[in-house]
Amino acid sequence: MTVQGLFASKLKTTARVSPVPRIAIVGRGFSGMMSAIALMKTVRMPFHLQLFDPNSSVSGGQALSSTRASTILNTRVRDLSVSLGDADDFNDWLCGNTQFRATVRAAIPGFRQIFVPKALFSDYVYQRFSQALAARKDITVQVCHEPVAAIRKSQANRFLLESAHPANPLFDTVVLATGYGLCEREPEPEAEDRSPVRAKRLVTRPHAVLLGSGIRVVDQLLQLRDSGYDGQITVVSKHGFLPQSHTPNSADPVFPAEALPQKLPEIVRFIRKACREAEEEGRSWQSVMNGLRRHARSLWRSLPAAQKRQFNRHLRAIYDSHRNRLPEAIYLRLKRELAEGNTVLRRGTAGRRGLSGIFFRPAGSDVEEVIYAERVFDCRCNAPDVAMPLMQSLIGSGLAMPDELSLGLAVDQRGQLCLEDGSTVNGLFAVGPLGLGSLPDIDLVPEIVTQAYAAAEKIGEQFYPQSRAV
């Protein structure tokens, strides 16, 4: 599908010494759509944009996806603007939404501190995408549903995206925005294996198992309860952590002014002390964690690889549970679920699926047991998989390398792919969670927005060095 709007004839009649640059974005979740918005608002010269995604419908990406339209985002409105330099853009959009404004009267005249449904944020993003496209009379946008299997560099320093399409076009720039969606899930049991008959004979009451420790597992838990499910629910979390709570009101970022320590154990003690002191002074630990985000990248870069691996093994789950927080009302509901005993949190590792449930190894034990259940929901976010063919095509041809922890691809602040000699690959970017091993918190909306605009500015400079992107 190609969108040319009212400007196709203008493109044909505009004389240019060089052809119009071609840009490919692989992925149409939030990172992909944000990259498209940033390009259309930043690169002021003509270009052709092609979006690759095998899904015919566009979701908010794995981190934002949900089966419930009413699922609440865990980020306040104030932090969800897709307009660089205008933090109130989403708030203004909500204020102009008559139906929403009538529903949430108490928040008028502004909604900056509230949490809204994911579906509403998705509507906002795609409306801003449509508006950015409508404002450009000099670009074309094409959507391709063919999955990209490999990316290779041609002799003319352009990029070939290999897909099932017989005519694979060349691109001047490629933006990888696949988020968490590159790792294949373990195959679901065959239809006959999913039959709950045997499981029902082994359990005395309905029982469901949820795998995961983040926002998605809480979404699934509440969805089950809201749909009338009154059976036992077991949440299996590898490290035994679930998301913590936001404060009822705004938690403005604060952080100690003194110099940060250089070693991981000292940094941990420093942050715990800062949280304790903040609460003693009437503030909140959430304010300190919000302030820590401003230092996270410099801290991460200063750590040696061994300490980064140590953080990933022992502290990542704790950190994630404190940065990816729940709105207070949802957190209190989660606490009630656990306190009443109808929902149980178990720490350990989920194994293979069986006919009657799932195999489970409790933390600290070498003995595997079976959790009998008629329903199992995998709510874990897929980590990017550098062993997938698309990633291996880049790594094998010297166009990319894994980050130090192999969490994804090594990138710089703007998302440019990095190589072992410290150089970056001209024209290749990875925006969003693919760079999580290089840039902490790059899976959060404000950080993705900032990176998308930085990448778009760099792309504009590469195409038109005499006319900088604005």
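**Entry 1: the α2/α5 crossing**

I looked up the handedness of the α2 and α5 crossing first, and it is left-handed. By that I mean that the near helix is turned anticlockwise from the far one by less than a right angle; clockwise would be right-handed. This is a predicted model, so I kept to its limits: local features need pLDDT of at least 70, side-chain atom pairs count only at pLDDT 80 or more, and totals for chains, interfaces and linings use all residues. Residues are numbered from 1 along each chain as its sequence is written, and side-chain values use heavy atoms, with hydrogens and water left out.

Helix α2 covers residues 30–42 and helix α5 covers residues 118–134; their axes come within 9 Å and cross at roughly 30°. That makes α2 roughly parallel to α5. My cut-offs: under 35 degrees is roughly parallel, over 145 roughly antiparallel, 65 to 115 roughly perpendicular, and the rest oblique. Axes are lines fitted to C-alpha atoms, for helices over the stretch in contact, with angles from 0 to 180 degrees between N-to-C directions. Helices (H or I, at least four residues) and strands (E, at least two) are DSSP runs, numbered from the N terminus.

Which residues of α2 and α5 make the contact? From α2 I listed Phe30, Met33, Ala36, Ile37, Met40 and Lys41. From α5 come Phe121, Val125, Tyr126, Arg128, Phe129, Ala132 and Leu133. Contact means heavy atoms within 4.5 Å. By class I have eleven nonpolar, no polar and two charged residues. The classes: Ala, Val, Leu, Ile, Met, Phe, Trp, Tyr, Cys and Pro are nonpolar, Asp, Glu, Lys and Arg are charged, and the others, Gly among them, are polar.

**Entry 2: the six-stranded sheet**

I traced the order β13-β12-β11-β10-β9-β14 in an open sheet of six strands with mixed pairing. Two strands pair if DSSP finds at least two bridges between them. β13 (369–372) and β14 (375–378) stand at the edges, each with a single partner strand, so one side of each has no neighbour in the sheet. The twist averages 45° from one strand to the next.

Strand β9 (residues 207–211) runs parallel to β14, joined by four bridges. I found Val209 partnered with Val376 of β14. Helix α7 (residues 215–226) packs on this sheet and touches β9, β10 (232–237), β11 (343–354) and β14. Its direction makes about 160° with that of β9.

**Entry 3: Gln50**

Is Gln50 buried or exposed? Gln50 counts as buried, at 5% relative accessibility. Buried means under 20% relative accessible area, exposed over 50%, partly exposed in between (1.4 Å probe, protein chains only). Gln50 sits in strand β3 (residues 47–52). Beyond its neighbours within four places in sequence, Gln50 touches residues including Arg22, Ile25, Gln142, Cys144 and Phe171.

**Entry 4: around β16**

I checked β16 (residues 424–430) next: five of its seven residues are buried. Strand β8 (residues 173–176) pairs with β16 in the parallel sense over three bridges, and Val175 stands opposite Phe429. Strand β15 (residues 416–418) runs antiparallel to β16, with two bridges. Gln416 also stands opposite Phe429. Five residues lie between the strands of the β15 and β16 hairpin, where Gly422 takes a positive phi near 90°.

**Entry 5: the three-stranded sheet**

I noted the order β5-β6-β7 in an open, antiparallel sheet. β5 (150–153) and β7 (170–171) are the edge strands. Strand β6 (residues 159–162) meets β7 over two bridges, with Leu160 partnered to Leu170.
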